[in-house]
Amino acid sequence: MPVDFEVALAAVQADPRYRTNIRFGQPRSGHPEGSIAAHILTLEANLEQIRSRIDPAVEARLRFAIHVHDTFKPEATASKGVRDHGELARDFAAEFVDDPDLLNLLELHDEPYRLWRDWVHTGSLDVERLSRLADRIVDWDQYLAFVILDSWTAGKDLEKLRWFIRSALAIRPSAINVDWLPAYIFQNHLFEIEPASLTGFFEGWPSPPSSEAHLRILTGSDRVWLARVPETGRVAGFITALTDGVLSAYIPLLEVLPEHRGRGLGGLLTRVMLADLSDLYMVDLVCDAELQPFYTRQGFRAGQAMSVRRYDRIP
Ligand SMILES: CC(C)(COP(=O)(O)OP(=O)(O)OC[C@H]1O[C@@H](n2cnc3c(N)ncnc32)[C@H](O)[C@@H]1OP(=O)(O)O)[C@@H](O)C(=O)NCCC(=O)NCCS
């Protein structure tokens, strides 16, 4: 009987090992997003960006892999790497799904990184190792799609990803190639963000905050999600939230630059922020009536709001 990956993912998300482990992780080299939970949200945003190109069954398998692949890093770290976190993820996933190829993907998801590291040290690609990988994976398209999702994050060398995809295609053909890289990189932090990355926002405001003030707004917010254009590093859209961390959150700002609108970016930023705040009872925002259908599509319900605005206090 085929595995229902949505049911399996719901069981994973309810599992205490998953719920504890995803909180692990501080911002560090290669992972400025910090926690495994933030890494998962980033990859979910990547998956949403390519989902129109993939079969729903593959999408469900990739989403399952997104939630499991790094979840046992804390235990691998605690055991001083006696067992690789990919192997631990494989063992955990095997409790929920019977899909040998997906289990192989989980076990071997960091092979591209290892191949790249060896290449940097030795100056040559370990073709045998790459061939062994290509032999063990049945669905090469699915594997390469996952590699893209897992590597398309701030703080990782995107040339490494392009190098791996080119090398992988030379060993074994696939429908996946570098054209599949998502349009935007999502991040929940301010790594490599400076005022110059933030121009063009607050469109239509009589006296818009400066880019420096914009950066201070992002720094002072409890949560931010940015969508960046990889080629330029510029921010194309952002969303902020303030929260007490216990019960409630408020979303003061969401904006997408005019030239990036109408492609789903505003909706995706909103959904990622809602997912980031998913442990909280209430999430509120204030918007003009014309935007209510947009927010309704993201899961909000219309209500009444009261507000004070002091235009002379905009920095
Ligand atoms: C609202 C906003 C973030 C949407 O970003 P986006 O990337 O275009 O969002 P999506 O592509 O996911 O959705 C676009 C849909 O939003 C709706 N929408 C966006 N702005 C709208 C507006 N001013 N009035 C009515 N509907 C609007 C439309 O239905 C639009 O669909 P269309 O592209 O078919 O016309 C963007 O328009 C923006 O930055 N506006 C200015 C700032 C703003 O109003 N922020 C919200 C503060 S509460």
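Mentor: Two strands are said to pair if DSSP finds at least two bridges between them, and strands here are DSSP runs of E with at least two residues, just as helices are runs of H or I with at least four, all numbered from the N terminus. This is a predicted model, in which local features need pLDDT of at least 70 and side-chain atom pairs count only at pLDDT 80 or more, while totals for chains, interfaces and linings use all residues. Residues are numbered from 1 along each chain as its sequence is written.

Trainee: What makes strand 3 and strand 4 a pair?

Mentor: Strand 3 and strand 4 (residues 248–250) are joined in the antiparallel sense by two bridges, and since the rule asks for at least two, they count as paired. Leu242, for instance, has Tyr250 in strand 4 as its bridge partner. The two strands form a hairpin with four residues between them, and Gly245 in the turn has a positive phi of about 75°.

Trainee: Which bridges join strand 3 to strand 2, and which join strand 3 to strand 5?

Mentor: Strand 2 (residues 223–228) runs antiparallel to strand 3 and is joined to it by six bridges, with Leu226 standing opposite Phe238. These two strands also form a hairpin, with six residues between them, and Gly233 in its turn has a positive phi of about 80°. Strand 5 is likewise antiparallel to strand 3, over three bridges, and one of the partners is Val256, which is bridged to Gly237.

Trainee: Why is strand 3 called mostly covered?

Mentor: A residue is buried if 20 or more other C-beta atoms, placed from the backbone, lie within 10 Å of its own, exposed if 12 or fewer do, and partly exposed in between. In strand 3 (residues 235–243), seven of the nine residues are buried.

Trainee: What makes a set of residues a nonpolar core, and which residues have the most contacts inside the largest one?

Mentor: The set must consist of buried Ala, Val, Leu, Ile, Met, Phe, Trp, Tyr and Cys residues joined through C-beta atoms within 7 Å. The largest such core has 67 residues, and Ala65, Leu149 and Trp225 have the most contacts inside it. Helix 3 gives the most to this core, with eight residues, and the core draws at least three residues from each of domain 1 (5–180) and domain 2 (185–313).

Trainee: How many residues of each domain are in contact with the other domain?

Mentor: Domain bounds come from an automatic or database domain assignment, and contact needs C-beta atoms, placed from the backbone, within 7 Å. By that rule, 14 residues of domain 1 are in contact with twelve residues of domain 2. Helix 3 (residues 36–50) gives the most to the domain 1 side, with six residues.

How values were computed:
Two residues are in contact if their C-beta atoms, placed from the backbone, lie within 7 Å.
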